[in-house]
Amino acid sequence: MSNPLRPNNLQLFNTLSRSKEPFQPISGPHVGMYVCGPTVYGDAHLGHARPAITFDLVYRYLSHLGYKVRYVRNITDVGHLENDADEGEDKIAQKARLEQLEPMEVVHHYTVRYHRNMDQLNVLRPSIEPHASGHVIEQIEMISTLLRKGFAYEVNGSVYFDVERYNGKHHYGMLSGRKVEDLLSNTRELAGQSEKRSRLDFALWKKADPSHIMRWPSPWGDGFPGWHMECSAMGCKYLGDQFDIHGGGMDLLFPHHEAEIAQSTIANGKAPVRYWMHNNMITINGQKMGKSLGNAMSLDDLFSGNHPLLEKAYSPMTIRFFILMAHYRSTLDFSNEALQAAEKGLRKLLAAADALKQLIPSAGADDQNIARIIQDCHEAMDDDFNSPVVIAGLFEAVRIINSAKDSGMKLTENDLKLLQQLFDEFVTGILGIVPEGGAGDDKLVEGLMQTIIELRQEARLRKDYATSDKIRDRLGNLNIEIKDGKEGTSWQMK
């Protein structure tokens, strides 16, 4: 899907500058992109689906433009403590203890399930998917550099980053727009943090107490790396001291990404990332998603319909299409009504893609200016990956296809080629929308529908209109629409 098409026209919103900026890679045509992946101690949920699909869209479009993208998405399997803090139990170790498993059994189990869900959503695999536990040496080396440069300190076998010293030379809070003075006044002292010089300091390495089962030897004793350190070390290892794009959910903006900037800037002597991108949050029926509210649902829950808040099951492509219907920087609210509307729109889009393959070119044609739709879709993607505007353009093409199928609108061979190009490039290639069900399923459904249509046609020839209308109405109750046109009878999902 590589196509060197106006790469300098792309503008993306940089969280760091809070504005859209022209995309100018450091070493074009090569692009380095790092995205924070899951902590694998439970099943993937909606909060995992949005960044995965958001940055899959970015990855696909950059590749479409002709860039050679090295996409790194990590797996966090150590160091992510309860409540994203510097104290408490490791989330994976806690799960392992509760289920009486080895921590890496937990990691492997949920990583496999995460990959399965991502494949169902047609999310492309990254170029590299490093595990934090496989890069402890690199993390120890970076911590040693920070100690040597005087921006970290060791206390009782733990190592912390000195935020106030860093802030004397740089701005801690530049990404999130926070000030150290405000952070200090709004942060209370927590039990177990007295060994820190400041409440804002964050752990680079934590001493493992005797009961801690995930531990590695280090110059400071047995312990484990802090959560923020893994992304700095792995981003540097695979993408260099400075790379183009770092992405993740808005919930990671502070303190995780803020800490990454601070420790990487000191360790490498330069800001680590040129463009920071963050997708917005997901709510369910207007509420934040959380176990305490009873609205937390896994992707498997969505795909099976097995949740009290769900009226039915929703397919992976419906979820993907629904997420892409909103701009990645806008809040996204899940509800049954919204998902069913997305499902209906997806069916129309895929039905038009099928109908397009059956259209026959005409010698003369009505002027539809399909080239303009393609141009508009490119301009929408160039404008900070504006997928909802792309989808609006695609539905303009759907209208043209349906008019040609049902009303005899004339399309030339070139028109049909441009429409096919539009669907191939944007529906399949960039949005990553593919037909649902296997080829065998499609053939079975098509065969059954043709049989039903033939039985209805026979009833009409006998002037048995009651049976004909009954078949039509029964299919309508199943959201299947029958259309009688000049070329015969066709069907589509409503």
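Entry 1. Helices 11 and 13.
I began with helix 11 (residues 336-356) and helix 13 (residues 387-406), which pack at an angle of about 50 degrees with their axes 9 Å apart. The model I examined is a predicted one. I noted the crossing of helix 11 over helix 13 as left-handed. On the helix 11 side, I listed Gly345, Lys348, Leu349, Ala352, Ala355 and Leu356 as making the contact. On the helix 13 side, the contact residues are Leu394, Phe395, Val398, Ile401 and Lys405.

I then looked up the open sheet in which 4 strands follow the order 4-3-9-10 with parallel pairing. Which strands stand at its edges? They are strand 4 (68-73) and strand 10; each has a single partner strand, so one side of each is left without a neighbour in the sheet. Neighbouring strands are turned by 20 degrees against each other on average, direction ignored.

I went through the pairings in sheet order. Strand 3 and strand 4 run parallel and are joined by 6 bridges; valine 35 has arginine 73 in strand 4 as its bridge partner. I also recorded that helix 7 (residues 227-239) packs on this sheet and touches strand 3, strand 4 and strand 9. The direction of helix 7 makes about 160 degrees with that of strand 3.

Strand 3 (residues 30-35) is joined to strand 9 by 3 bridges, again in parallel. Here I found methionine 33 opposite isoleucine 245 of strand 9. Strand 9 in turn runs parallel to strand 10 (residues 273-279), with 6 bridges between them. Glycine 249 has asparagine 279 of strand 10 as its bridge partner.

How many residues of strand 9 are buried? I noted 7 of 7 for strand 9 (residues 243-249), which is mostly covered. I traced the chain onward: strand 9, helix 8 (residues 253-268) and strand 10 make a right-handed β-α-β unit.

I next examined an open sheet of 4 strands, ordered 5-6-7-8, where the pairing is antiparallel. Strand 5 (152-155) and strand 8 (223-225) are at the edges; because each has a single partner strand, one side of each is left without a neighbour in the sheet. From one strand to the next, the twist averages 20 degrees.

Within this sheet I looked up strand 7 (residues 202-207) and strand 8, an antiparallel pair with 3 bridges. Lysine 206 has phenylalanine 224 of strand 8 as its bridge partner. Helix 4 (residues 136-148) packs on the sheet and touches strand 5, strand 6 (158-161), strand 7 and strand 8. I recorded about 120 degrees between the direction of helix 4 and that of strand 7.

Entry 2. Threonine 111.
Last, I turned to threonine 111, a residue of helix 3 (residues 103-120). Is threonine 111 buried or exposed? Its relative accessibility is 7%; the cut-off for buried is under 20%, and threonine 111 therefore counts as buried. Leaving aside its neighbours within four places in sequence, I found threonine 111 in contact with Val40, Ile75 and His131.

Terms used:
Residues numbered from 1 in each chain as written. Predicted model: local features only at pLDDT ≥ 70, side-chain atom pairs only at ≥ 80, totals over all residues. Heavy atoms only, no water. Buried < 20%, exposed > 50% of the residue type's maximum accessible area, 1.4 Å probe, protein only. Helix = DSSP H or I, 4+ residues; strand = E, 2+ residues; numbered from the N terminus. Pairing = 2+ DSSP bridges. Right-handed = clockwise from strand over helix to strand, strands pointing away. Axes fitted to C-alpha atoms, helices over the stretch in contact; angles between N-to-C directions. Left-handed = near helix turned anticlockwise from the far one by under 90°. Contact = heavy atoms within 4.5 Å.
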